[in-house]
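Please keep the sequence and the coordinates in view while reading.

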Amino acid sequence: MGGGGEKLPGQYLGPWGNFGSQPQRGVTSYSLSANRQRPLAGAMSAAIFNVWRRFRAQVLYIAPPLLFAYATMSWVTERNEYLNSKPGRMALGEVAEEATGGGN
């Protein structure tokens, strides 16, 4: 059956793919030395184009709501500043009410 009997804790089992059993035959594996690999080859140029592609694909989903929110906040801020100024209060008639003692 293979396996070489019972294995005890701490006992060497053998290399990967050969845990105490018969070694496989006819399996060829190839490897490249770690100092010969170039894992980041072309990463910078690929990253630039990938970022541009993603940005272009998503900008129409993100930009309109942001522009709408910015325009709304801008209008609300201006309107608030106007309504809290003297001309804004006069337009609403609050200053005239307070001056005549109205409200109580």
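**Exposure, fold and a surface patch**

Of the 104 residues in this predicted model, 3% count as buried. The accessible surface of the protein comes to about 10000 Å², and carbon and sulfur atoms supply 61% of that area.

The secondary structure consists of three helices and zero strands. Followed along the sequence, these elements give the pattern α-α-α.

The mean pLDDT of the protein is 81, and 70% of the residues score at least 70. Among the elements, helix H1 has the highest mean pLDDT, at 95, whereas helix H3, covering residues 94-99, has the lowest, at 62.

Helix H1 spans residues 43-83 and includes Ile48. How exposed is Ile48, in terms of relative accessible area? The value for Ile48 is 53%, and Ile48 is therefore classed as exposed, because that class begins over 50%.

Ile48 also belongs to a nonpolar patch on the surface, which it forms with Met44 and Phe49. Together, Met44, Ile48 and Phe49 present about 400 Å² of accessible area.

Notes. Residues are numbered from 1 along each chain as its sequence is written. This is a predicted model: local features need pLDDT of at least 70, side-chain atom pairs count only at pLDDT 80 or more; totals for chains, interfaces and linings use all residues. Side-chain values use heavy atoms; hydrogens and water are left out. Patches are made of residues with over 30% relative accessible area and no salt bridge: like charges are joined within 9 Å, nonpolar side chains (Val, Leu, Ile, Met, Phe, Trp, Tyr) within 5 Å. Accessible areas come from the Shrake-Rupley method with a 1.4 Å probe; for residues, only the protein chains shown count as cover. A salt bridge is a side-chain nitrogen of Lys or Arg within 4 Å of a carboxyl oxygen of Asp or Glu. Helices (H or I, at least four residues) and strands (E, at least two) are DSSP runs, numbered from the N terminus. Buried means under 20% relative accessible area, exposed over 50%, partly exposed in between (1.4 Å probe, protein chains only). pLDDT is the predictor's confidence in each residue, from 0 to 100.
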